[in-house]
Amino acid sequence: MRPAPRMFTRQDLGEGAYALSSEQARYLGRVLRLGPGADIRLFNGRQGEWVYRLARIDGRGGEAMPVEQRRLQAEPSGKPVLLFAPLKRGPTELIAQKATEMGAVRLQPVITSRTNRDQVRIDRLHTIAVEAAEQCERLSVPDIAEPVPLDDGLRTVESYVFCDEAGDQPNEPWGGEMGRAGLADRVFGEVSASPDAVLVGPEGGFTPDERARLRADPRALPISLGPRILRAETAALVALTLWQVRFGDLA
């Protein structure tokens, strides 16, 4: 039996009838072909997940009545935040989708010296995050902030993982092996407190000056993601996965 469809809403849940918007009604009625008596699941990031039963639906809207609270809202941990340099539209949208699936609570675009794109469509990324949260059974949708300079973004967190793929040999590709950060598995094993955020740079990485400042920051925990140079969007997802395995809900 196929589970009841899930939808994110900003409305309060559990008290009286829920008014379907025309867009929701068209999706449920025309796309999913649901009618009165069918169940849907609603969540708003505050009151868990509720089962509602359709009482009326047509092309202009509809109404659903609460049946039961299916899941309680978990207390938010505030972690992990993903700080990332905006990429081209496709990769940036991929980051928003997959970071939502990986449990990021906030997405903070940061502008670095090598960032190729300093404009992002927050409304579009929010839509993608909502759809991802509905699909992956999350009870919340991550906040998506406007892009800010790197230093401003770092001021919003108390500690962070810094994905540092470069070495200290300027004449070698990607700085060679000397001075590279340790592999995440080893570095994470040496700390007990979970960092607040994960920081991933742009295509081409951080400049030497940025890297020096980041490595001198006592809040930063430099890690390497392995022997292969990953695309920036891949690095973001790998780093979030490793964070969740060590400090989060994949442990």
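Start by selecting arginine 33, which sits in the loop between α1 and β3 (39-43); helices here are DSSP runs of H or I with at least four residues, strands are runs of E with at least two, and both are numbered from the N terminus. Phi of arginine 33 is near 60°, a positive value in a residue other than glycine. Arginine 33 is also exposed, with a relative accessible area of 72% (exposed means over 50%, buried under 20%, partly exposed in between, using a 1.4 Å probe and protein chains only).

Before moving on, note that this is a predicted model, where local features need pLDDT of at least 70, side-chain atom pairs count only at pLDDT 80 or more, and totals for chains, interfaces and linings use all residues. Residues are numbered from 1 along each chain as its sequence is written, and side-chain values use heavy atoms, with hydrogens and water left out.

Next, pick glutamate 137, in the loop between α3 and β8 (143-144). Its phi is near 70°, again positive in a residue other than glycine, and glutamate 137 is partly exposed at 31% relative accessible area. The peptide bond from lysine 79 to proline 80 is cis, with omega near -10°. Most residues other than glycine have a negative phi, and most peptide bonds are trans.

Now zoom out. The chain has seven helices and 12 strands, and its C-alpha atoms fill a box of roughly 70 × 35 × 30 Å along the principal axes. Of the 251 residues, 47% count as buried.

Time for the rings: show Phe188, Trp243 and Phe247, which ring pairs link into a cluster. Rings of Phe, Tyr and Trp (its six-membered ring) pair if their centres lie within 6.5 Å; planes under 30 degrees apart count as stacked, over 60 as edge-to-face and the rest as tilted. The structure holds five aromatic pairs. In one of them, phenylalanine 188 and phenylalanine 247 have ring centres 5.1 Å apart and planes at 65°, so this pair is edge-to-face. Phenylalanine 188 belongs to helix α5 (residues 184-189) and phenylalanine 247 to helix α7, so the pair ties together parts 59 residues apart in sequence. Both of these phenylalanines are buried. Tryptophan 243 and phenylalanine 247 have centres 5.8 Å apart and planes at 50°, so that pair is tilted. Tryptophan 243 is buried too, at 4% relative accessible area.

Then colour the pockets. A pocket is an open set of points on a 1 Å grid over the protein atoms alone, where a 1.4 Å probe fits, with protein on both sides within 12 Å along at least five of seven lines; lining residues have an atom within 4 Å of a point. The largest pocket has a volume of about 870 Å³, volume being the space filled by probe spheres set on the points. Select Pro76, Gly103, Val105, Arg138 and Ser140, which lie nearest its centre among 30 lining residues. Helix α7 (residues 232-247) gives the largest share of that lining, three residues.

The second largest pocket holds about 640 Å³. Of its 23 lining residues, Arg6, Met7, Phe8, Tyr27 and Glu134 lie nearest the centre, and α3 gives the most to the lining, with six residues.

Finish on arginine 6, whose charged end sits over the ring of phenylalanine 43, 4.2 Å from its centre (for such a contact, NZ of Lys or CZ of Arg must be within 6 Å of the ring centre and within 35 degrees of the ring normal).
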